[in-house]
Amino acid sequence: MHVQEWLDTVPPAAVYAVVALVIGLESLGIPLPGEIVLVSAALMSSQHSGINPIVLGACATAGAVVGDSIGYAIGRKGGRPLLAWLGRKFPRHFSEGHVATAERSFEKWGMWAVFFGRFVALLRIFAGPLAGVLHMPYWKFLTANVLGGICWAGGTTAVIYYVGVVAEDWLKRFSYLGLAAAVLIGLTSMLLIKRRAKKAQTEHREAEPVSAGD
């Protein structure tokens with residue numbers, strides 16, 4: 001079942017909790033489709049489904065910040081054995097190559113890796129636990145975490161919401177244009193058929209005297 005179809009079965013008020021929970025678990029280090037859930041919910045909010053985009057963005061931001069912070073604490077306590085365990089449990093996401101790539105990004109960019117990692121699916125899962133494993137100072141992590149969460153969650157919600165509103169308006173206009181075009185085509189076809197029928201009838205009448213004379 002598609003994510004948006006599933007969200008349609010959830011009461012509008014519960015969508016906020018679902019979005020916050022999924023994004024929080026993803027940020028904690030569990031591979032879940034947080035971005036897909038957020039985009040689907042934001043699109044639903046643009047379709048007047050009772051979902052407030054501001055509340056949605058705030059819940060998504062809270063889930064991202066809290067999830068990352070818990071992931072940081074777990075990573076700081078678990079250390080590298082935790083990464084090895086995650087590699088065995090989720091080899092597709094926490095393989096040695098992925099861990100090495102993420103670690104190089106953190107060593108090179110520091111807190112900016114946490115900020116920009118929010119916009120990259122792989123780093124979004126790694127950011128919290130890996131920052132803890134590498135013992136990044138928490139104030140740096142928290143600053144980048146909060147700013148990244150606001151920009152990613154709030155920005156994604158706003159962009160998808162307004163795109164949905166514009167698309168809906170465009171589709172409505174298109175439907176009116178389509179209806180007008182259909183009516184115009186129908187009238188034109190009817191006139192052409194009527195004209196051809198009249199022409200055929202006239203030709204038939206002109207041909208009748210010739211037949212009588214023969």
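**Aromatic rings and a helix crossing**

Arg-118 lies over the face of Trp-152, 5.3 Å from the ring centre; such a charge must have NZ of Lys or CZ of Arg within 6 Å of the ring centre and within 35 degrees of the ring normal. The model is predicted, so local features need pLDDT of at least 70 and side-chain atom pairs count only at pLDDT 80 or more, while totals for chains, interfaces and linings use all residues. Residues are numbered from 1 along each chain as its sequence is written, and side-chain values use heavy atoms, with hydrogens and water left out.

A pair of aromatic rings is described by the distance of the centres and the angle of the planes. Rings of Phe, Tyr and Trp (its six-membered ring) pair if their centres lie within 6.5 Å; planes under 30 degrees apart count as stacked, over 60 as edge-to-face and the rest as tilted. In one of them, Trp-112 and Phe-115 have ring centres 5.9 Å apart and planes at 80°, so the pair is edge-to-face. Both residues lie in helix H6 (residues 111–117), three residues apart, about one turn of the helix; helices are DSSP runs (H or I, at least four residues), numbered from the N terminus. Ring pairs also link Trp-112, Phe-115, Phe-116 and Phe-119 into a cluster.

Phe-115 is buried, at 14% relative accessible area; buried means under 20%, exposed over 50%, and partly exposed in between (1.4 Å probe, protein chains only). Tyr-138 and Phe-141 form a tilted pair, 6.1 Å centre to centre with 35° between the planes. Tyr-138 is partly exposed at 37% relative accessibility, whereas Phe-141 is buried at 0%.

Key:
Helix = DSSP H or I, 4+ residues; strand = E, 2+ residues; numbered from the N terminus.
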